[in-house]
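Student: I am new to this structure. Please take one part and look at it closely with me.

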Amino acid sequence: MQPSAPSPAPSPAPSAGPRFDERLTAPGSWWVIVGMLGLSGGLIMFPMGTVPMLGGLIVVAVLAGVAVSSYGSARIRVVAGSLVAGDARIPVSALGAAEALDAEEARAWRSHKADPRAFMLMRSYVPGAVRVEVTDPADPTPYVYLSSREPAALVAALEAERAGAGS
């Protein structure tokens, strides 16, 4: 008689990883502009010789690259009972209804419907967005506006986190 196969290990508990994680990276065309700026820096320094030309190319390209990279490093996450958008961390319990916005509605909420007290993490190159009401009476912020390439997934993650926190 052969020994019985070992029983499968119990599945691990769900990880505490984020329910939603998005990085609002800059579009590729911006990196082409970074390259052109570096080339311009090199051309400006060209009359001074080869070494200054290479120095101008490298310095300008690196500075422009750092600027584009830092602007495109904004992250939106739903993790551990909180919505983390850029530097802001808001508990899901302080948030109300979330609404996914299409391109037209997102543009309206960025312009004529906008409230100056709202927290906005917007990127003009991202057409979709999510608007989430803030229900905390101690917070004067009426809503949070977040640019997102996947607004429906963000809304679903917020609802799932709220349902998970409520149980």
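Tutor: A helix here is a DSSP run of H or I at least four residues long, and helices are numbered from the N terminus. Keep in mind that the model is predicted.

Leu 54 sits in helix α2. Buried means under 20% relative accessible area, and exposed means over 50%. Leu 54 has 43%, so it is partly exposed. Leu 54 also belongs to a nonpolar surface patch.

Which helices supply the patch? Both α1 (28-45) and α2 (50-71) give at least two residues each. The largest share comes from α2, with 5 residues. An α-helix has 3.6 residues a turn, so residues three or four places apart point the same way.

In helix α3 (residues 103-110), the buried residues are Ala 106, Ala 108 and Trp 109. They lie on the same side of α3, because they cover an arc of only 160° around the axis. Their packing partners are β5 (95-101), β6 (119-121), β7 (129-134) and β8 (143-147).

Glu 161 is part of helix α4 (residues 151-166). Its relative accessibility is 11%, so Glu 161 counts as buried. Beyond its neighbours within four places in sequence, Glu 161 touches Arg 19, Val 78, Ala 80, Gly 81 and Val 92.

Technical notes
Residues are numbered from 1 along each chain as its sequence is written. This is a predicted model: local features need pLDDT of at least 70, side-chain atom pairs count only at pLDDT 80 or more; totals for chains, interfaces and linings use all residues. Side-chain values use heavy atoms; hydrogens and water are left out. Buried means under 20% relative accessible area, exposed over 50%, partly exposed in between (1.4 Å probe, protein chains only). The arc is that of the directions from the helix axis to the C-beta atoms. Contact means heavy atoms within 4.5 Å. Patches are made of residues with over 30% relative accessible area and no salt bridge: like charges are joined within 9 Å, nonpolar side chains (Val, Leu, Ile, Met, Phe, Trp, Tyr) within 5 Å. Accessible areas come from the Shrake-Rupley method with a 1.4 Å probe; for residues, only the protein chains shown count as cover. A salt bridge is a side-chain nitrogen of Lys or Arg within 4 Å of a carboxyl oxygen of Asp or Glu.
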